Amino acid sequence: MAAYLVHHLDLAPQWQWLAFLGVALFQCGILLGIVLTAAGGFTWLERKVSGRIQDRLGPTRAGGRFGWLQALADGVKLITKEDLVPAEADAMLFRLAPYISFCASFAVYLALPFADGWVSQRLNTAVFFILAVAGLEVFGVILGGYASGSKWSLFGAMREAAQVVSYEVPLGLSAVVPVLVAGSMDLVTIGQMQQGWFTSWLIFHDPFTFLTFFVYLTCAVASVNRAPFDLAEAESELVAGFLTEYSGFRWSLFFMAEYASMTAVAGLAAILFFGGWNGPLPITEWLGLNAARGPAAGWAGDLLGSLNFLFKAFVGVTVMMWLRWTLPRLRIDQVMTVCLKYCIPLSATMFVGVVVWTYLLPGGLLLHPRLGEVGERTMGPEGASLDSPGQRPGYRPTLLAASPNGAQPRDANVARAPFQGSGVPKDTVSQGLRPGLSSRAPSGLSAGESTGVARKVAGTLRVPSALTRSVRSTTVIDSPILSVSNRARSGLKTRVDKPPAASSANVAQTVSGPPKEWSP
Amino acid sequence: MVMEKVDPSLVEFDVRTDEMLVNMGPQHPSTHGVLRLVLRTDGEVVSEVTPHIGYLHRCAEKIGEHVTPRQWIPYTDRMDYLAGMNMNLGWALTVEKLLGLAIPERGRHLRVIICELGRIANHLVAAGCYGLDLGSFTPFIYCFREREKILDLFELACGARLTYSYITVGGLVADVPRGWMEKCEAFLDQFEPVIAELHAVLTSNEIFIRRTAGVGAMSAEQAIDYGCTGPVLRGSGVSWDLRRDGEPRYTQMYEGYRFEVMAQVDGSYPKDEPYPPVPPAAVLGDSWHRFFVRMLEVVQSMKLVRQGIERYRRAPGPVGEPIKQNQKLPQGEAYLETEAPKGQMGFMVVGDGTAIPWRVRARSSSFCNLSVIGELCRGCLIADVPAVLGSLDIVLGEVDR
């Protein structure tokens, strides 16, 4: 989008940062809106869910029958409350801490796709980025607990430090399992791989991913400090833990951070295990809502997909609420036992198991058409690149390379412009000015056919093509900063190259060509 | 050269990490009122718990020496405010003992019904709050939902929901209104399945068992040494219940009633209504057993109420006549302990020939049950302190009086 602005406004190189800044602020605004709405909505939902579980009504007054304005009323109440800083507190850190927590859980949404291509910044290390950034939330909590000058807050911070740091390990390990199956850390790619029927969801890929999901669920609940792992704010023990001294707006920031994190881990689970924006049945394909039928249809399909994704995240959050209002709290030693004695060995076993499984049965348990065929194909004698270093047989994404006709792939999703959702017009795309893609797709791959098939293939093939040669590609850092600076340095327009008109054969050929990770 | 240790405790102190004194209470969500516990902690481990009481001291005994026995009844309500009916009963029986009063049969059975309902109401609070202490909010609401129904019955009977002053010296203030017994039976019918629900969310819940089994275990000797009574004593495996083992003036109230004293003796609880099995991790006398005893007692109380209703219907006549306000108390003293829901509640009254007692004394079960907390919490984790305290089921109004 920024590139589009730069191109069309014809900005001088020294002013191009303005376009990027504007777009960044715009995207921040959208994301903040989504996060805040989600947090508010889930606050309301939590009250309703807990109310129903506890045989009461929950909010019924604010905003009418269902109390749907309750979150707003709560927000107004919290904001108008006095902002108290205890005399004993380290005032600066005390004030700073909520923002750290909130920013960390908010920044997660930067890399979380809501539909195919509907992502603020597509990262090829999105899973890693999300886990890393979400892990930063703990600093706010520790800081807040330490700076409060209260012993209960300190206890809460200590518990949080012990708990979250421990649970990062099994959480990462269990998130790696679907990544391993998918062969990519790019959440958009992972989501695209699970299209079709629900049998292609990664949770149904094999028994290991199925079990891994439950480990992930446990660790996710623990890492966002929800009951039964809500030790850091254990009400009956630590008064309110690290939140004891917080009030008003600062308290609500922690609160929103918690809900934002919940939604984020639920969304990550939806993409990693439950097909992301793909429904259980390929309804959008039946309806023909894909980019092959034009941008409007593609957009409608993406919209339905994002609703799908949001629904899955919503279900995940509801499950967390259900757990919270059902189970008693664990003790700190039991929390650590669950992590160190059960979750880590389990997730490590799942990791090894899924490695073996993908080696032996790459198609997955239910052998859904796409992955199964890929496995056979790559395992077959024509898989000449089997000997090459870093190549694992049965590596699924090479499907596209082996696809007999790149112009008409089996899945309609592949046949769409890669950044249809991000609003990049066709002409910009054809000129190779694709934000986020330009840095990783080799320029030779940017085929400019009107359907955009080849571009799509090039985009999705980034990882597989690299992996046929080496595993380097997975470590490519596609930081927006780097892309921007590179674009700025190279003056952008100089990078516009006319790609050769790609035929299907051409695509297949370029795919198996040498990987180009960086094309400044 | 061998260095001699002058004072071994000094060296031990040197290698210790920093200890921290933490005030748990008097404003704390899980100290069940205004109890202040000073915890000496080393990280999460608690090395010492010192209870500080007196925040709810209301000079109840002193006031009792300035008002007539019937005027003091509302003060007994405010001792164990979660089981006001049973407090009323203890005081009423004591004064009746001094006066040598006997009350009619109908009143006796109505007192059994009311007191056992009060016991259920109290144990519901205990169970619900215990779930809350362990971080489980929902059972609390379930318990209070049921308790509300009992309070509705009490409200029908006497107009009050918390401080009843219903049972009084000489009987009860009034008979229950017509149709009350049917309502009570309807409540019991609908309450029975709820007990299984509570067992499911608490007693048999895996996390609940892990949080309570083996935590704060107290031997029978220790319980007797500290003067623990009620479910706390029975949780340690002592089959002792004043309704069965008390003095005649109290036990004759329960004459002809069938019920079990729920305590694990010789490795098992009395065979009765089906109840969940004792988990292997539970140790006799731990928090789980104390909680479990209360849950079993609820069933026994329900049986008692059913029997009481049946007997009440067969007993015509008045429920008793409250004594006159200016009724002179004879010279002498009387002391009586009753089995209140939280333990043995003892009242003493000394009369000097006037209408106002010369001395009033209340022996609180919660006070004795609380005194053991320092012993039980030594070396446990911070999270265990509410777990143990909740299992003792104290109420500060009664501790401080």
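Guide: Start with the open sheet of three strands in chain B, ordered 1-2-3 with antiparallel pairing. Strands here are DSSP runs of E with at least two residues, helices are runs of H or I with at least four, and both are numbered from the N terminus. Two strands pair if DSSP finds at least two bridges between them. Strand 1 and strand 3 (45–52) of chain B are the edges; each has a single partner strand, so one side of each lacks a neighbour in the sheet. Ignoring direction, neighbouring strands of this sheet are turned by 25° against each other on average. Strand 1 of chain B runs antiparallel to strand 2 (residues 36–42) of chain B, and five bridges join them. In that region, B:M24 stands opposite B:L37 of strand 2 of chain B.

A word on provenance. This is a predicted model: local features need pLDDT of at least 70, side-chain atom pairs count only at pLDDT 80 or more, and totals for chains, interfaces and linings use all residues. Residues are numbered from 1 along each chain as its sequence is written, while chains are lettered from A and ligands numbered from 1 in the order in which they are written. Chain B averages a pLDDT (the predictor's confidence in each residue, from 0 to 100) of 87, and 96% of the residues score at least 70. For the complex, the predictor gives an ipTM of 0.79 and a pTM of 0.75.

Next, the other sheet. An open sheet of three strands in chain B has the order 6-7-8, again antiparallel. Its edge strands are strand 6 (332–340) and strand 8 (359–363) of chain B, each pairing on one side only. The twist averages 10° from one strand to the next. Helix 4 of chain B packs on this sheet and touches strand 6 and strand 7 of chain B; contact means C-beta atoms, placed from the backbone, within 7 Å. The direction of helix 4 makes about 150° with that of strand 6 of chain B. Strand 7 (residues 343–351) and strand 8 of chain B pair antiparallel over five bridges. B:F347 stands opposite B:A362 in strand 8 of chain B.

Helix 4 (residues 84–99) of chain B also packs against helix 5 (residues 105–133) of chain B, at about 135° with axes 7 Å apart. That makes helix 4 of chain B oblique to helix 5 of chain B. Axes are lines fitted to C-alpha atoms, for helices over the stretch in contact, and angles run from 0 to 180 degrees between N-to-C directions. Under 35 degrees counts as roughly parallel, over 145 as roughly antiparallel, 65 to 115 as roughly perpendicular, and the rest as oblique.

Definitions and conventions:
Contact = placed C-beta atoms within 7 Å.
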